Amino acid sequence: MPVTVLLVDDEPLVRAGLRAVLDAQPDIEVVGEAADGAAVIPLVRRLRPDVVAMDVRMPLMDGIEATRAVLRSVDRPPKIVVVTTFANDEYVYEALRAGADGFLLKRARPAEIVNAVRLVAEGESLLFPASVRQLAAAYGEDRGNREARSVMDRAALTEREAEVLRLMTRGLSNAEIAARLLVGTETVKSHVSAVLAKLGARDRTQAVITAYESGFVAPG
């Protein structure tokens, strides 16, 4: 089955460009479009996309609030990638903290756009880990570090789980972590699942942000 995508952007040319790139792939299908975040929830419920590619800045409801609304209101929500003009943008970091799975630059090359959608749909590695680290370094210190530290303390990760989380912050996939630790991929999947559950994180991105904001790893 192809990865299904919903495009949400107030610029028709951006939507057209993304559709052209994604629909050209045999394993990806654009199933719908919207011009504002306010239209996302009914479309997600009706179309059930695997991935939502959503502009971070829109006039009525921006990508941050739309991300929160989808995760709050939709059972089995899709993966969410916020689309932005600037990588080092506080709006992008807020969207990631709100639950977005990654971000994508509007000027990205077609191959990068396709890879981003596939990577987020698979959910087994972090999208643009170096950029997430830079965002955490720029904006993470001003966020709820006390809350993040409390979450990390309560998690009481085992030594192996902590090791897996550190490798997750570097963007390694399950297979790459398995090769590094000399264990099986299924074992890594079990450790990743345990880390997410203990941190109360929806996905790897939220776990990594908690790791940075708590001081578990340094974002610099």
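Ser125 is found in the loop between α5 (110-122) and α6 (129-139), where helices (H or I, at least four residues) and strands (E, at least two) are DSSP runs numbered from the N terminus. The model is a predicted one, in which local features need pLDDT of at least 70 and side-chain atom pairs count only at pLDDT 80 or more, whereas totals for chains, interfaces and linings use all residues. Residues are numbered from 1 along each chain as its sequence is written, and side-chain values use heavy atoms, with hydrogens and water left out.

**Ser125 and its surroundings**

- Ser125 is buried, with a relative accessible area of 16%; buried means under 20% relative accessible area, exposed over 50%, and partly exposed in between (1.4 Å probe, protein chains only).
- Not counting residues up to four places away in sequence, Ser125 touches Leu119, Gly171, Leu172, Ser173 and Arg204, contact being defined as heavy atoms within 4.5 Å.
- From C-alpha to C-alpha, Ser125 and Asp101 are 10 Å apart in space, and they are 24 residues apart in sequence.

**Overall fold and dimensions**

- The protein chain holds 11 helices and 5 strands.
- The radius of gyration of the protein chain is 17 Å, close to the 17 Å that the globule rule gives for 220 residues, so the chain is as compact as a globular protein of that length; the radius is taken over C-alpha atoms, and the rule is 2.2 Å times the number of residues to the power 0.38.
- Taken along the principal axes, the box filled by the C-alpha atoms of the protein chain is roughly 50 × 35 × 30 Å.
- Of the contacts in the protein chain between residues at least 6 apart in sequence, 69% join residues at least 24 apart.

**Burial and nonpolar cores**

- Buried residues make up 52% of the 220 residues in the protein chain.
- The largest nonpolar core has 55 residues, and those with the most contacts inside it are Val8, Met54, Leu96, Leu165, Met168, Ile177 and Leu199; such a core is a set of buried Ala, Val, Leu, Ile, Met, Phe, Trp, Tyr and Cys residues joined through side-chain atoms within 4.5 Å.
- Leaving aside neighbours within four places in sequence, Leu199 is in contact with Val151, Met152, Ala155, Leu165, Ala207 and Thr210.

- Arg180 lies in helix α9 (residues 174-181) and is partly exposed, with a relative accessible area of 46%.
- Beyond the residues up to four places away in sequence, Arg180 touches Leu167, Arg170 and Leu172, while Arg180 and Ala201, 21 residues apart in sequence, are 24 Å apart from C-alpha to C-alpha.
- Met1 lies in the segment before β1 (3-8) and counts as exposed at 97% relative accessibility.
- The C-alpha atoms of Met1 and Val82, which are 81 residues apart along the chain, are separated by 23 Å.

**Positive phi values in loops**

- Phe128, in the loop between α5 and α6, has a phi near 50°, a positive value in a residue other than glycine, and Phe128 is partly exposed with a relative accessible area of 29%.
- Ala156, in the loop between α7 (145-155) and α8 (159-169), has a phi near 50°, a positive value in a residue other than glycine, and Ala156 is exposed with a relative accessible area of 53%.
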